[in-house]
Amino acid sequence: RRRVTQLHWGGGTPTFLSPAELTQLMHVLAKHFLLIDSPEREYSIELDPRSVDGSTLALLKGLGFNRLSMGVQDFDPAVQRAVNRIQPFEMVESLVASVREHRFKSLSFDLIYGLPRQSPASMEQTLARVLALSPDRISCYSYAHLPEVFSSQRSIDRMQLPSADDKLELLHTITDTLTDAGYVYVGMDHFVRPDDELARALHDGTLQRNFQGYSTRLAPELLGIGVSAISSTNDLYCQNVKDVADYYALLQQGRLPVQRGLRLSAEDILRRDVIMQLICRMSVDVEETGVRHGVDFRRHFAHEMRIIAGMEREGLLADEGNRICVTAAGR
């Protein structure tokens, strides 16, 4: 009976499901959970431009989704060929026009840097096209080449991947271009328009982060449904099995398809708090954090403080006594 304020379909491409399957899945969720229709809800879904058209977008709006995340990756044709994902700019441009027509609350683009054949010059051209479409949010993820884990990567030529230095230059190009265009750098490769809720939350110091990314609110419980999905409560993490056959076998036995879990200790919760402050506010309130968790912060983290001293000498952060702040370079 609890209100579902946040719903996210991702982990691959949900829009490869047929319209009937999408509708059935939402109806099953609505049967078991209290879905809401108020403006406060954040119901989002990941899109592959190659599997979506105007009628799909109309269906998604009718099913209650109000936020869309579109996997753009890169607009350069040479890069698209290198990763076997052909989706011309005109295809995405047409979909964006349809998104605007159906008045979705927010549109996000997912870009990837570190792909084969990418260069600062090609990235500038991709970013120019991204800016022409003016998405509300832009996520720029670092490509990790793990062909032993992801079979689809086995056809990618490892020798065409940019070096670590080249990837850093690509990230600088992305950061400079998007911030110069007026986007706010929220952190962790996420950029938003200055009127976006995340930008306001960053300014107010109320920004949060969960397994789906940055958020204006942090739900006390997050339920992960599906293969490999992760659930969390205040003091517990658990992950579902990663194999489809195992997943269904456990369900047919009337068991939760959970593979592993972690019950958080007081130390885990303290460190999670510190990490969350760094990710969302680029600083840690030393005194307030110590009081909240009942520890002498500097004594408790004596080992880490010695490491931090080296980072400060390198200009990556500033120890201001009651607050440890990440610098622009450190970010």
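A residue is termed buried when its relative accessible area is under 20%. By this cut-off cysteine 238 of the present model, which is a predicted one, is buried, because its relative accessible area is 18%. Cysteine 140 is likewise counted as buried, at 0% relative accessibility. The structure holds zero disulfides. For cysteine 140, the nearest cysteine sulfur belongs to cysteine 280 and is 18 Å away. A disulfide would require the two sulfur atoms to be within 2.5 Å, and cysteine 140 takes part in none.

Tryptophan 9 counts as buried because its relative accessibility is 7%, under the 20% limit. Beyond its neighbours within four places in sequence, tryptophan 9 is in contact with Pro14, Leu22, Leu25, Met26, Leu29, Ser44, Ile45, Glu46 and Phe65. One of these contacts, glutamate 46, stands 37 residues from tryptophan 9 along the chain, and the C-alpha atoms of the two are separated by 6.4 Å.

One cavity of 30 Å³ or more is present in the structure. The volume of the largest cavity is about 40 Å³. Its lining consists of Val72, Gln73, Asp74, Val79, Gln80, Val83, Arg85, Gln87 and Leu115. Strand S5 (67-73) and helix H3 are the elements that each give two or more residues to this lining. By residue class, the lining of the largest cavity comprises four nonpolar, three polar and two charged residues.

Glutamine 80, one of the residues that line the largest cavity, lies in helix H3, which covers residues 77-82. Glutamine 80 is buried, because its relative accessible area of 5% is under 20%. With residues up to four places away in sequence left out, glutamine 80 touches Asp74, Phe75, Arg85, Ile86, Gln87 and Pro88.

The loop that joins H3 to helix H4 (89-101) contains asparagine 84. Most residues other than glycine have a negative phi. Asparagine 84, not a glycine, has a positive phi of about 55 degrees. At 48% relative accessibility, asparagine 84 counts as partly exposed. A positive phi near 70 degrees is found at serine 228, which is also a residue other than glycine. Serine 228 is placed in the loop between strand S11 (213-215) and strand S12 (230-233), and is partly exposed, with a relative accessible area of 31%.

The loop between S11 and S12 also holds proline 220. Proline 220 counts as exposed because its relative accessibility is 51%, a value over the 50% limit. Apart from neighbours within four places in sequence, proline 220 is in contact with Arg2, Ser232, Thr233 and Asn234. Proline 220 and threonine 233 are 13 residues apart in sequence, with their C-alpha atoms 6.0 Å apart.

Helix H6 spans residues 164-180 and has 17 residues. From its first C-alpha to its last, H6 reaches 24 Å, close to the 24 Å expected at 1.5 Å a residue. Lys167, Leu170, Leu171, Thr173, Ile174, Thr175 and Leu178 are the buried residues of H6. An α-helix has 3.6 residues a turn, so residues three or four places apart point the same way. The cover over the buried residues of H6 includes strand S6 (106-113), helix H5 (120-133), strand S7 (137-142), strand S8 (184-187) and strand S9 (190-192). Just after H6, glycine 182 takes a positive phi of about 105 degrees.

Helix H9 (266-281), helix H12 (302-313) and strand S17 (323-326) are the elements that give two or more residues to the lining of the second largest pocket. The residues of this lining divide into 18 nonpolar, one polar and three charged.

How values were computed
Residues are numbered from 1 along each chain as its sequence is written. This is a predicted model: local features need pLDDT of at least 70, side-chain atom pairs count only at pLDDT 80 or more; totals for chains, interfaces and linings use all residues. Side-chain values use heavy atoms; hydrogens and water are left out. Helices (H or I, at least four residues) and strands (E, at least two) are DSSP runs, numbered from the N terminus. Buried means under 20% relative accessible area, exposed over 50%, partly exposed in between (1.4 Å probe, protein chains only). Contact means heavy atoms within 4.5 Å. Ala, Val, Leu, Ile, Met, Phe, Trp, Tyr, Cys and Pro count as nonpolar, Asp, Glu, Lys and Arg as charged, and the others, Gly among them, as polar. The expected span of a helix is 1.5 Å times one less than its number of residues. On a 1 Å grid over the protein atoms alone, a cavity is a set of points where a 1.4 Å probe fits but cannot get out, and a pocket is an open set with protein on both sides within 12 Å along at least five of seven lines; lining residues have an atom within 4 Å of a point. Grid points are joined across faces, edges and corners, and a volume is the space filled by probe spheres set on the points.
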